[in-house]
Amino acid sequence: EQVRSMTSEERAENGKNIKMQGGCNCAQAVIKAYLDCIDLDEKTLMEISSGFGSGMGGMEGTCGAISGAVIVAGLLSNGNRTGSISKNIVSLFEAKSGATICKNLKGIGTGKILCSCPQCVYNAIVALEESLANLNK
């Protein structure tokens, strides 16, 4: 297990701030919040996650922040039980954010924004942290 240099709250705030600064999609913001404990270079990680913004396909798919959290989960767990971790991430994220599909989170068609992108990044990191903590129990 990697040494964790931040608390879950600090990491979630860091991810939210990365997203608010711009220049990356929601998946990339989540991943950037974990650069200190992933043994891959930032350029490679940003390329891997570049297609997960805007809900993969013009806001029709899963929130990019969830996708980023699932990528990180696979890396931090060495692929062990990543399916169950991912299921937990999605469940926790939906409970915190109100939906998992980008267009629903952004209120496309309804006019009611359920969760901003920076808050989605925050919620995805909290869900990932909770899921990893539950795995170690």
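This is a predicted model: local features need pLDDT of at least 70, side-chain atom pairs count only at pLDDT 80 or more; totals for chains, interfaces and linings use all residues.

Me: OK, so how do H1 and H7 run, roughly parallel or roughly antiparallel?

Reply: Their axes cross at roughly 150° and come within 8 Å, so H1 and H7 are roughly antiparallel to each other. Axes here are lines fitted to C-alpha atoms, for helices over the stretch in contact, with angles from 0 to 180 degrees between N-to-C directions. Helices themselves are DSSP runs (H or I, at least four residues), numbered from the N terminus.

Me: Which residues of H1 and H7 make the contact?

Reply: On the H1 side they include Ser8, Arg11, Ala12 and Met20, and on the H7 side Cys117, Tyr122, Ile125 and Glu129 are among them. Contact means heavy atoms within 4.5 Å.

Me: Switching topic: what's in the largest nonpolar core?

Reply: It has 36 residues, and those with the most contacts inside it are Val30, Tyr34, Ala65, Ile89, Phe93 and Leu128. Such a core is a set of buried Ala, Val, Leu, Ile, Met, Phe, Trp, Tyr and Cys residues joined through side-chain atoms within 4.5 Å. Buried means under 20% relative accessible area, exposed over 50%, and partly exposed in between (1.4 Å probe, protein chains only).

Me: And where does the largest share of this core come from?

Reply: From H7, with nine residues.

Me: Now the loop between H4 and H5. Is Asn78 buried or exposed there?

Reply: Asn78, which lies in that loop, is exposed because its relative accessible area is 66%. Asn78 also has a positive phi of about 55°, although it is not a glycine.

Me: What about Arg81?

Reply: Arg81 lies in the loop between H4 and H5 too, and has a positive phi of about 60° without being a glycine. With 55% relative accessibility, Arg81 counts as exposed.

Me: And where is Gly79?

Reply: Gly79 is in the loop between helix H4 (64-76) and helix H5 (82-97). Its relative accessible area is 48%, so Gly79 is partly exposed.

Key: Residues are numbered from 1 along each chain as its sequence is written. Side-chain values use heavy atoms; hydrogens and water are left out. Helices (H or I, at least four residues) and strands (E, at least two) are DSSP runs, numbered from the N terminus. Angles under 35 degrees count as roughly parallel, over 145 as roughly antiparallel, 65 to 115 as roughly perpendicular and the rest as oblique.
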